[in-house]
Amino acid sequence: MGRIAIALCTAVHAATAAAQPEPQTTGNDPADAAADPTATSPAEDEGGPVPSVEPPTAAWREWSAETDATHGARRTAHSDDDASGAASAGDVAERPAGLAGPLWLESQAEDAALIEVGRGGFTFAPQGMIQIAGVPWLGDGARLATGSPADQPGFRFRRARLGAEGAMPLDVKWEMLAEFDSGGARLLDANLRVRLPIVELTAGVAKVPFSASALTPAAFLSFLDRPWAVDGRSDDGAVYGIAPGRMLGFQAAASWNMLRFSAGAFNGNREYFIGDDNAGLLYAARVECHPLGDLPDGQLRAGGGVPLLRLGASYLFNDDAAGDRHAAGGDVKLRAGPLTVEGEFLWSRFIPDSAPRMPGGEPAEVDRIGYYAQVAVLLPGDLVEIAARHDGFLLKDGVGDFNDRWGVAGSASLLLLGNRLKAQVEYVHRHQWYEPQVSDDHVALQVQGRF
Amino acid sequence: MPSLPLLPGRARARTSVLAACAVVAALFLPVVGCGNQSSGAARAYRIESRSRTIGGPAALADVGDIVLENDVIRAAILAEGNSVGPGMFGGSLVDVDIVRRDGRHPPGRGNDQFSELFPMVNLIIPGYAEDPRASGRFDDLRVEIVDTAAQPGWCEGQGFDRGCAAVRVTGRGDRIVEALGMIAMLGVPMRLSFETHFVLEPGRSYLRIRTDAYADGRFVDGEPAQELESLEAFRAAGLGVFDVLVADGLRPESEQVWMPGYLAGDFLMFGKKVEIFSEGAGYDFPNLFQRAFNAGGDILGSPMGSPALVGVGDGVSYAYASVTPGPVIVPIFTGAFTGAFTHGLRCRRDDEVCRARDRRAMRYERVLAVGRGDVASAVAPIHRLRRASPGFLEGHVYDRSTGAPISGAQVFVVADPYPETHFPQNADDLLEANRRRPEKPGDPGVLTEMRTDLRGDDTPDGSFGGPVPPGTHFAIVRAPGRGLSTPVRVRIELDRTTRVSLAAGLPGKIRFDVYDDTGARSPAKLTFIGPLGNADPCGGPPSASVPDLTEQSGARPLPFGGGEMPGRIASYVFTTDGVGEAHVEPGRYDAWVSRGVEYSVDRQCVSVTAGVPARVVAVVVREVDTTGYVSADFHIHGINSYDAETSHAIRIASALAEGVEMVTPSDHDYLTDFGPTVRAMGVGRRIATAVAVEVTPIEIGHFLGFPLRYDEMAPQRGAIDWTRRDECLGREGDPGWPDCNHGGVPGAVLPLAPGEIRERLLALGSLGPDRTVTIVAHPRDGFFGYFDQFGLDHFEATFQPAGAIRGQHPLLDDPRAFFSWDFDAVELFNAKRFEMIRTPTVREVTGFAADLERVRGDPASTEADVAGVHGAWARRVLERTRLEQNRMRMDSAPGCIDHASCGTGAVCDPQRRMCVAEGVRCTADDGCEAGQVCTSELRPSRCVQACRTDHDCRVDSFCDASDPNRGRCLRRSCAPDEDADAPCVRGGSPASEGVIDDWFRLLNHGVVMAGLGNSDTHSLSSLETGCPRNYIASPTDDPGAIDVGGIAEAMRPVFERDAEGRVRALVRGPRVIATYGPFVELFVEGRPIGSVVPAPEPRDGGEVVVSGEVRVQWPSWFDVDRVEVYRNGELIHSARPFSPSQRLLIVPFTDTLYPEGGVIRDAWYVAIAMAVDPSSRSMSPVYTANRHPNLGFSQVVAVTFASIDDPLLQALVPPPLPLPEQIPVVPYGVTNPVFVDADGEPGFQGPLGPPPGRWEPGRTGTPLLSPVDPIPLAPDTGWDERQRIRRLRTALERGLDCGGNR
């Protein structure tokens, strides 16, 4: 897998290198940078080195200190959907002189912490996000367990997250993030990271390095949710999607040239506090290639609008108690100016450890196949993004039900204050692979704020 | 640890250094007693602090009892004295649990779910014996720790592992119930003594129970014990219980081949907190008895057996078996009285060697193994003990769609009846195929059960495992909220482990929101019927008829457990806040959302897809105005009853969901306080509670009381010890001590009489005796019925002779001395025992029997057809015609009951119950004057006046006036050619006494008790909280403001008494409506129930015209089609609504009271509303149908005699008449009376005067008659036969009444 990825990545790099425009050097005025549609937004630079782009302020220089080889790998390994990714800092993040209010906000990295204090190598950066959703229209047959935010009409909290991250001497960083819902608080991320000369090691709860969509922070989704094939789950937490999400374990990340690697071993469960519940471990690895420069997360323009491409491949093996699960996926994402095109294909197979003799037609091995393709465009002014998506999922468990479906969706997002404040509206149409069809289309709204 | 002196009482705390040691040990050494034992060793010690008890939902042991423990399990054995469990005596095993090291279960807070076990040989158990002068191998019941430390080699010498701990229990043979004494009349050896060792070996998860039984008078000290035989040979020979116990004892001596023998085992009372499993039947084991009983099978002649009997609870399980391979025979399984036999002895008459065996100790040994909450873990130690080598199955259960492990799933291993290439469609097909196997007909083939992630398994990975018989089997997974998995084939090899990963069935879920008509969320019960086929009715208005779907839900075949729920109910859920979810297998469901009988029902059809919850949004609307009344259920059981498992919280939730506003827990001999639970749930403004109890003597009836004082520190929280054993044992010589034997055998201890129980309840009243309610529960429930056991005559309010069974009990043998008339209330309805409400007529019994026979004889008939016959006839019993009620002769009261009451020169005419001049002696009618007949019922026979009409005879007789001058009263026999409207009477007693008819007759005699309807619920579905219920007059309709004392006052009749405290007149009656559903109000002269109304002014003719009104309300989901109004027990008016669904019916009526002898007698009025037309809607499925005839102790006794293979005995003791008992809940409600004071005396007096059976000091006399007809001797019988018949006659002429009067 790795060799294939490298070969592919190299080929793409060679093919696109000549066509890539020279990055422009911007002045010190971030307003200029913001106004220049071709300028690389440092705010989106947490994903990796963009050598041609200089940060406009001293603070940006602090940020750029983080933009080393491990940074991009970090995104793939535990980057988070929740604005946690770029909260690295020097001693203290200062407000750049001459900037005030929203202007200053928009000068910051899209996923950077807004508040950070520090002393003597210790830093502390609180972070939080709130998403409030409303469903003005919902199909009569909509069900609660479709994993859709539009499970019932009315307003509700989608997410309310609060946490912090920080750094310590010896290049140790930490992260702690909790999500609040009707059941109380739930721990999302809690990990320690140590950067060594070659790799960065992470211990704790973090996202398993698998699936580009799963690794994309929730704050930067063009729709209210990821495709069902990625992380769809019932309201009981039963996971139907292929990506494992967050787990407790260890992982290592490294980069070499345009490649980003990460791999880890995890408990393979979601109950962080009870230890191993499946008598085995989950092993996952991901490799990314950024042949045109690191493609950061976010919805705003990246790289000053120059085309940026990410190719990725993931694999996992879950040595579960009842059987083994293999999963693999490939993904591609291209951002060029206001346009973002992405897609992913995922596959997994569950093989019981020791299947009994079963009647014909009764599946012993269960396959899941999922995919999506998505295109998003920033309208002039970069305040509004419109997007369209097609996704599909098939769970070959012998039951044709509402989990087996495809869908088309369209959305519009209003991005304000450097995407710190976002309003979205989406329409989703779902179609079941099997009869009966269910009227579960919806129109949903969401307002998101974060710091 | 040395043995400690015996504690005189069970709860006397010991303030000593030892106690302090125990406390320290409890704190720091959770397992090791006082730190003087090495880890892993077995030990025994007396409990000195509650922190050393076992603890758990069924835990009974207390300070003074004995603990046996090692590092694996803990068990407790009661000290001498009384049993606080369902048994009778101390020395029984009551608590068993595994040692838990999870930090949540220190000693005293374990998870015991076992009820009680004690040895039994020939139905005799170790105890005290009622006659202390009787000889015995042991003088008294003793429970002592065997000091194995001081006797090196004791364990090895006894065949146990070194380091064992043991408790020895010795006792004289006694009867668990006095009625069993009549078994001895059949020649069964029952004079026995017992020595039992409960032994725990180090590191073992089982107790070994070794019993030596001594046949008294024949034992020889010093002889080695004789091992009894396994029952395998008995079973192979097809022997029934009485084939062994009675053998040829009833045959002529010349024909006798086999001597009466011995069957040894235990009374094994698992209780209701565990589900019973046996290899083959699986969890259907208990129901097999019921079905065999329903079908008229011989459950004693062909008893069920199993290699082991397993009780499975939440987190703990128990397996009972013989130590050596052999079956456990379970002839009777009624929950409380479950006998299990493991060994036996049967000798030919000419086999002297065999016959000499009972001169030695007869030894048998059993094992009780403890598992972690499934069958396999409980059975596994028995395999190890027997050194058996089964195969093993282990693996994991996972969700097929997500791969997630599933905890709490059950893996059933089922026999494979197919060729290897064939697979069943589903679990039902597999079970049915097994039932058709010729080698094991009817056996569903369930071999074992394993559960995933048992307690103690810290990894929730869905793992399971356990021993399985070698061979090819099917594995099926049942997981909560899921359908059954596809059966998959597994091969098990001897002493090898097979590993499999099993996918669970598909999950389904329904989320619901329930609102009331104010828009607020509402408590509710949701009943889900299904999964249904496309053709089954689903949803729609509740006005649509609901077919009687009697099959089980597809996900719950009975062999896989979960209990039987009628009407194909898959699930029911209670919500207190109107929101929640139900877990069901995917499919189509008919959802009924209800909130008791005052609200509407919202019925919807719901389709549930795997993994995708469906949604129910429902509204329930109040439709019945009960202003001025609060609803209450005074008879409910829960976790503190050995025969119930419902937690306090669920019980409260169920009450709220059923719209019950006040509940009083009535656990058996245990005070329960719902108060803390109500407060914790935050529902205090919606429901009121009071501390209460059901005093549960085994043979003299059951009695309820509330509100009572709760004592957290007292045994059973302060409940009354009706046995008085702990109070009286060892105090016989104490002059200050109360009479403990009612003037009987010195040294014996007899239980409290009913009047004493009542007095103690009053003394225990938390609001004082004047605000304490005492209630007679189910008075006609045979062996547990107060009226039945004391032989209260249904037609005369006097007492029938005790008979051979009841006569064994010293209190029942003299009912006039020990019966109390003073209870405040009586249950007119109990549970769903509709057959106990009204007395059936000849037509109703014989017609039912004929129809039942016809249906059962039709091979095409179905279970629903049988239920239809039951339902139709049960409704006819409930409906009364004027003719039927006239035949009850409620205006009839005997003028005498014995000769002593007639004075010199007169005798009490047994035909008429009237004093007549003493006639001449006679031998035949010819010796009497014209108009007289010679009756042999007087001894010697005398001439008495001939009858002309039935009214010249007692109610249980009719006048045979074929010779007009020699009309003779003959006993009714319930023959089809008798008066069809007359009550069905056989042997002087009705086929079934209706409590309402009892109540009417007692009211006529001025005995006023509030008539109640209580659920007696022990579960949640088959007996729902508040079905039936009571409406009590209350100044507030706010449940949160209910004054419990005020409720008590409203329920108690208030009498005017004379200086001696005797009742003179009623001044206020109970203000209660008892109902299954209809809300029935009665007003007489404008006054409500409970009122004593002055009679209106008489008219010119002296008559008084009384006017009244009945007002009936009912909700829209069931019907009412008939209203009856009674005066003094006479049906004076009936009415039907324009439509059964009109929801409100007002019935005005007038009645005329005529003077008799210039005086108008006082009167009472009662109204009844019901739905008895077959086309009218019952209360199903909100309240489930009663699917089975009652199988209680009374029925067991009847079956016992029917199973004895003796034609003469069977001819003399005919089987009980069948009664319609399988019936949906019929809407039926009864008011308490409005009394009319018309006789000029202040207050209400009974129109027929005091009951003749009421005991009065100084009045003596014995009843004249035996209810059993004389047994004719066959003229051609030989001497042996005569001797045999004479012996039977001795027994039977005393009145063999089969427990009660049926």
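**Entry 1: ground rules.** I worked from a predicted model, where local features need pLDDT of at least 70, side-chain atom pairs count only at pLDDT 80 or more, and totals for chains, interfaces and linings use all residues. Residues are numbered from 1 along each chain as its sequence is written, chains are lettered from A and ligands numbered from 1 in the order in which they are written, and side-chain values use heavy atoms, with hydrogens and water left out.

**Entry 2: cores.** I looked up nonpolar cores, meaning sets of buried Ala, Val, Leu, Ile, Met, Phe, Trp, Tyr and Cys residues joined through side-chain atoms within 4.5 Å. Buried stands for under 20% relative accessible area, exposed for over 50%, and partly exposed for in between (1.4 Å probe, protein chains only). The largest core holds 208 residues, and the members touching the most others are B:Leu93, B:Val1110, B:Tyr1165 and B:Tyr1228. Strand S61 of chain B, residues 1163-1170, gives the most to this core, with 8 residues. I noted another core apart from it, of 29 residues, including B:Leu385 and B:Phe423. Strands here are DSSP runs of E, at least two residues, and helices are runs of H or I, at least four, numbered from the N terminus.

**Entry 3: disulfides.** I took a disulfide as a pair of cysteine sulfur atoms within 2.5 Å.

**Entry 4: B:Cys538 and B:Cys605.** I found these two joined, S to S 2.0 Å. Their link is right-handed, with 100 degrees about the S-S bond. B:Cys538 sits in the loop between strands S29 (524-529) and S30 (569-575), while B:Cys605 is in strand S33 (residues 602-608), 67 residues apart. B:Cys538 counts as buried because its relative accessibility is 17%. B:Cys605, at 37%, counts as partly exposed.

**Entry 5: B:Cys922 and B:Cys934.** I read 1.9 Å between the sulfur atoms of this disulfide. The link of B:Cys922 and B:Cys934 is right-handed, with 95 degrees about the S-S bond. B:Cys922 lies in the loop between strands S43 (914-917) and S44 (932-935), and B:Cys934 lies in S44 itself, 12 residues apart. B:Cys922 is buried at 10% relative accessibility, and B:Cys934 is buried at 8%.

**Entry 6: B:Cys953 and B:Cys969.** Which hand does this disulfide have? I noted a torsion of about -85 degrees about the S-S bond, so it is left-handed. The S to S distance is 2.0 Å. Both B:Cys953 and B:Cys969 are buried.
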